[in-house]
Amino acid sequence: MILVTGAAGFIGSSFVKMPHFKGKTLIAVDSLTYAGHLPNLFPESENPQFLLSTSAIGDYATTLKLLQEHGVNTVVNFAAESHVDNSINGPEVFVQTNVVGTFRLLEAARHYFQELSLDAKKNFRLLHVSTDEVFGELGKTGKFSETTSYDPSSPYSATKAASDHLVRAWHKTYGLPTIVTNCSNNYGPRQFPEKLIPRMILCALNEQPLPVYGRGENIRDWIHVEDHCQGIWLALTKGTPGETYCFGGNSERRNIDVVTGICQIMDELKPRANGKSYRDLITFVEDRLGHDWRYAIDDSKAQRELGFNRKFSKFEDGLKETVKWYLDNPEWIQSVLEKGSKK
C-alpha cells in the first residue's frame, strides 16, 4: 500500500497516473491548496480503490492514522510549496509546509515504523522528492550530482534543503528507511501556470506579453515529468535506503530559447489572428532577486544503479507535446485559473 502526499499537484498527479498503480489501492493526500487541483486526479480518483485524504502534510495525527489503518509500506512525499517567486514574496508558508510539514510527516512515519514487524520494516520506504535548486548555481561548466554541497539561494530552495537534511537525519538517527531524489526543472501536462512553460503558453493564448526575466540568459536543464516519475519509481523499487538519486533531462536550454521554442510551436499549431509571430509578444522584465544563473544534473548514478533512462530524450519533442496538451485542454486551464484566483 502506497501513500502519496501532494498527489493532486503537477508531479504528484503524474506519478499516481503511472501504469504501476492501475487497479491498485493508493492513498492520495493533498490539502488542495491553489496548486493542488482535484481534476488532476481524474479518472484515477473514480476508482473505488483510490482513497483521497484532504489533510495537510503537517497533520501528524491524520497521517499516522492513515498509515496504521491501511498498513502502508511506501510513502512518497511530493507535498511542497514550490514557486520561487512566491517564496520571495511570502517565505513563511514555505517554512511551514516544506520544513515543519516534512518534519511532522517524518515523525508520523517514524512512530508507525517503530510498531512494524521486522519483516514489514524491511519492506518500508519513505521517498522524499526534492530539487536541484538546493545546490545553488553552476558556472559555465560542470553539473550537480549526489555529492554536490548544498548552497541554496532562495527561501524556496533553503526550505527544500532543510527538508532534505531532516529526511537524511531521520534515517541516520532513527533508522527510518528514507531515500532522497533531486531533479532538474520539470515540464509536461497539468503544471500550474505560474511556472515558465505553462505561463508562456497561457499568456500567448491571451495575446498578453510574454515576460522573460533579465535577458533570458539563465540556463535550466529540463526533464519531462513522465521521465522524472519513472526515475522515482526506480528509486523506490531498486534504490537503497539512505541514498540520494539525481534525475535530469540532459536538456540544458536558455530561458529565452525555451520561450522562443514555445512561440514557434504556437505559430505552427495555433497561428495568431493578425498573422504575426508570438515572438513579438516577448517582453524582458527586471530580473528576479537571487536568480541562479545555471542548473544542470548529472544522473549517471541513477542510470548506472537504477537503470534510469529517458523516454523524452529530445526536449523539443516533449515541449511540442506539452504545448499541444494545453491547447487541447481549455477546460482544465479555465478551472485551474479560477481556483488559483481564489488563493
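These points go through helix packing, strand pairing and aromatic contacts in a predicted model.

1. Helices α2 and α4. Helix α2 covers residues 60–70 and helix α4 covers residues 92–115; their axes come within 9 Å and cross at roughly 35°. The crossing of α2 past α4 is right-handed. On the α2 side, the contact is made by Y60, T63, L64, L67 and Q68. On the α4 side, R104, L105, E107, A108, A109, H111, Y112 and E115 take part. Sorted by class, this contact of α2 with α4 has 7 nonpolar, 3 polar and 3 charged residues.

2. The three-stranded sheet. An open sheet of 3 strands runs in the order β7-β9-β11, and its pairing is mixed. Strands β7 (185–187) and β11 (252–254) are at the edges with a single partner strand each, so one side of each has no neighbour in the sheet. On average, neighbouring strands of this sheet are turned by 50° against each other, direction ignored.

3. Strands β7 and β9. Strand β9 is made of residues 219–224 and pairs with β7 in the parallel sense, over 3 bridges. Within this part of the model, N185 stands opposite W222 of β9. Helix α8 (residues 225–238) lies across both β7 and β9, and runs at about 70° to β9.

4. Strands β6 and β10. Strand β6 (residues 178–183) runs parallel to β10 and is joined to it by 4 bridges. Which residues of β10 point each way? From β10 (residues 244–247), T244 and C246 point one way, while Y245 and F247 point the other way. All of these residues are buried.

5. Aromatic pairs. The structure holds 19 aromatic pairs. One of them is formed by Y34 and F192, with 5.0 Å centre to centre and 80° between the planes, an edge-to-face arrangement. The pair links distant parts of the chain, as the two residues are 158 residues apart. Y34 is in the loop between β2 (26–29) and β3 (50–53), whereas F192 is in the loop between β7 and α7 (196–205).

6. Burial of that pair. Are Y34 and F192 buried or exposed? Buried means under 20% relative accessible area. Y34 has 12% relative accessibility, so Y34 counts as buried. F192 has a relative accessible area of 12%, and therefore F192 is buried too.

7. An aromatic cluster. F15, F21, F78 and W233 together form one aromatic cluster.

Notes: Residues numbered from 1 in each chain as written. Predicted model: local features only at pLDDT ≥ 70, side-chain atom pairs only at ≥ 80, totals over all residues. Heavy atoms only, no water. Axes fitted to C-alpha atoms, helices over the stretch in contact; angles between N-to-C directions. Left-handed = near helix turned anticlockwise from the far one by under 90°. Contact = heavy atoms within 4.5 Å. Nonpolar A, V, L, I, M, F, W, Y, C, P; charged D, E, K, R; others polar. Pairing = 2+ DSSP bridges. Buried < 20%, exposed > 50% of the residue type's maximum accessible area, 1.4 Å probe, protein only. Phe/Tyr/Trp six-rings, centres within 6.5 Å; stacked < 30°, edge-to-face > 60°.
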